[in-house]
Amino acid sequence: MIAEMIQKIKRHPRYHEAGMILCHNGVVRKTSRDGGPVGELVVRCDRGRLREIVEKLKERPGIVEVLAHVNEGVLRPGDDIMFVVVAGDIRENVFSCLMDGVNEIKRTVTDKEERRVPGGTGGAR
């Protein structure tokens, strides 16, 4: 997926303005933040909100293109959850755009339910 996203960015009419492409590939961990074992993660995505965030990120100074994708459904440890690719002029602009974008997507776009391994502790996240 990331390779295809990078190729799409390289076909962008303003690609010649980019000095870098930065990528994020979020994956399902086998342990939750509290250390409990994760059996699977159920992910839902607000696609409309995702589009809004991407369009807003594209307006930032120095940003040429932003692409994002969230996999929905039942995912298991090691599965890909989210891809975000940002192309822009300089590190400061691109790094902050990627970080802010990933954080906003996680906060307002995705809804995740963590299902523990049978016999594990804890519940939904």
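Helices (H or I, at least four residues) and strands (E, at least two) are DSSP runs, numbered from the N terminus. This is a predicted model, in which local features need pLDDT of at least 70 and side-chain atom pairs count only at pLDDT 80 or more, while totals for chains, interfaces and linings use all residues. Residues are numbered from 1 along each chain as its sequence is written, and side-chain values use heavy atoms, with hydrogens and water left out.

**Whole chain**

Start with the whole protein in cartoon view. Its secondary structure comes to three helices and six strands, and along the sequence these follow the pattern α-β-β-α-β-β-β-α-β. The C-alpha trace spans about 55 × 25 × 25 Å along its principal axes.

Colour by accessibility next. Buried means under 20% relative accessible area, exposed over 50%, and partly exposed in between (1.4 Å probe, protein chains only). Of the 125 residues, 37% count as buried. A contact means heavy atoms within 4.5 Å. Among contacts with a separation of 6 or more, residues 24 or more positions apart account for 70%.

**Helix α1**

Select residues 2–10, which form helix α1. Which residues of α1 are buried? They are Ile2, Met5 and Ile9. These residues cover an arc of only 60 degrees around the axis, so they are on the same side of α1; the arc is that of the directions from the helix axis to the C-beta atoms.

**Helix α3: Phe95**

Move to residues 91–108, helix α3, and pick Phe95. Phe95 is partly exposed, with a relative accessible area of 43%. Not counting residues up to four places away in sequence, Phe95 touches Met20 and Leu22. For a distance check, select Cys45: Phe95 and Cys45 are 50 residues apart in sequence and 24 Å apart in space, C-alpha to C-alpha.

**Helix α3: Cys97**

Stay in helix α3 and select Cys97. Is Cys97 buried or exposed? At 0% relative accessibility, Cys97 counts as buried. Show its surroundings: leaving aside neighbours within four places in sequence, Cys97 is in contact with Leu57, Arg60, Ile63, Val66 and Val86. Of these, take Leu57 and draw the C-alpha to C-alpha line to Cys97, which gives 6.6 Å in space for residues 40 apart in sequence.

**Cysteine sulfurs**

How many disulfides does a search of the whole structure find? The search finds zero, a disulfide being a pair of cysteine sulfur atoms within 2.5 Å. Select Cys23: this residue is in no disulfide, and the nearest cysteine sulfur, that of Cys97, is 12 Å away. At 31% relative accessibility, Cys23 counts as partly exposed.

**Charged side chains**

To finish, select the charged residues, where Lys and Arg count as positive and Asp and Glu as negative, with His and the chain ends not counted. The place of a charge is taken as NZ of Lys, CZ of Arg, CG of Asp or CD of Glu. There are 22 positive and 19 negative side chains, and the centres of the two sets lie 2 Å apart.
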